Amino acid sequence: MKIKTNKPFYVSEPKQFADITKTILGEPKDGDVPFFGDVFDNGSLAWIVRGDSLEVVATNNGNRVAHWKFRDSSDRSLHVNSVKECLINRSKKLLVGLRSSTSQGMLCLFD
């Protein structure tokens, strides 16, 4: 019986985020709002969230592709609590769920 072996997937060296991304998201400290994120289906982009900030970065070099800081001048507790990649009109978008202490929340389409 012959055992079939698979070649390992290619794994690149870790990439540093651009300085602006590190500045916007900040360095984590004890008790801070945690980071969360994911990679787009095609692997070329990734998104990272912390608090009210959403960053989209290129996975090949860590450079910022897009950014949005969700703000409501009357509510400082607004933060991103969910993100889902979706395909609309053959274009990838991010559906962003926001939570607030003063409202029931909202959905935003990030393109």
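Which side chains meet in a salt bridge at 3.0 Å, N to O? They are those of lysine 69 and aspartate 52. A salt bridge here is a side-chain nitrogen of Lys or Arg within 4 Å of a carboxyl oxygen of Asp or Glu.

## Basis of the model

This is a predicted model, in which local features need pLDDT of at least 70 and side-chain atom pairs count only at pLDDT 80 or more, while totals for chains, interfaces and linings use all residues. Residues are numbered from 1 along each chain as its sequence is written, and side-chain values use heavy atoms, with hydrogens and water left out.

## The bridge at aspartate 52

Aspartate 52 sits in the loop between strand 2 and strand 3. Strands and helices are DSSP runs numbered from the N terminus (strands: E, at least two residues; helices: H or I, at least four). Lysine 69 belongs to strand 4 (residues 64–69), so its pairing with aspartate 52 ties together parts that are 17 residues apart in sequence.

Is aspartate 52 buried or exposed? Aspartate 52 is buried, at a relative accessible area of 15%. Lysine 69 is partly exposed, at 30%. The classes are buried under 20% relative accessible area, exposed over 50%, and partly exposed in between (1.4 Å probe, protein chains only). Aspartate 52 also has contacts (heavy atoms within 4.5 Å). Leaving out residues up to four places away in sequence, it touches Trp68, Lys69, Phe70, Arg71, Leu78, His79 and Val80.

## Other salt bridges

The structure holds 6 salt bridges. Side chains of opposite charge can pair when their charged atoms come close. One of the bridges joins lysine 22 to aspartate 19, with the closest N and O atoms 3.7 Å apart. Both residues lie in helix 1 (residues 19–25). They are 3 residues apart, about one turn of the helix. Lysine 22 is partly exposed at 31%, whereas aspartate 19 is exposed at 59%.

Glutamate 85 bridges to lysine 92, and their closest N and O atoms are 2.9 Å apart. Glutamate 85 counts as buried at 17% relative accessibility. Lysine 92 is partly exposed at 38%. A network of salt bridges links Asp41, Glu85 and Lys92.

## Nonpolar core

How many residues does the largest nonpolar core have? The count is 13. Such a core is a set of buried Ala, Val, Leu, Ile, Met, Phe, Trp, Tyr and Cys residues joined through side-chain atoms within 4.5 Å. Trp47, Leu54, Phe70, Val80, Leu94 and Val96 have the most contacts inside this core. At least two core residues come from each of strand 2 (45–50), strand 3 (53–58), strand 5 (79–88) and strand 6 (91–99). Strand 6 gives the largest share, 3 residues.

Leucine 54 shows the packing in detail. Beyond its neighbours within four places in sequence, its contacts are Trp47, Ile48, Val49, Ala66, His67, Trp68, Phe70, Leu94, Val96 and Phe110.

## Strand pairing and turns

Strand 5 and strand 6 pair antiparallel over 9 bridges. Pairing requires that DSSP finds at least two bridges between the strands. Lysine 84 stands opposite leucine 95 in strand 6. The hairpin of strand 5 and strand 6 has 2 residues between the strands. Asparagine 89 lies in this loop. Its phi is positive, about 50 degrees, although it is not a glycine. Arginine 90 lies in the loop between strand 5 and strand 6 as well, and its phi is near 60 degrees, also positive. Asparagine 89 counts as exposed at 75% relative accessibility, and arginine 90 counts as exposed at 83%.

Strand 6 and strand 7 run antiparallel and are joined by 5 bridges. Glycine 97 has leucine 107 in strand 7 as its bridge partner. The hairpin of strand 6 and strand 7 has 6 residues between them. In that turn, glycine 105 has a positive phi of about 105 degrees.

## Nonpolar surface patch

Ile88, Leu95, Leu107 and Leu109 form a nonpolar patch on the surface, with about 350 Å² of accessible area together. Accessible areas come from the Shrake-Rupley method with a 1.4 Å probe, and for residues only the protein chains shown count as cover. Leucine 107 lies in strand 7 (residues 106–110). Leucine 107 counts as exposed at 61% relative accessibility.

Methods
Patches are made of residues with over 30% relative accessible area and no salt bridge: like charges are joined within 9 Å, nonpolar side chains (Val, Leu, Ile, Met, Phe, Trp, Tyr) within 5 Å.
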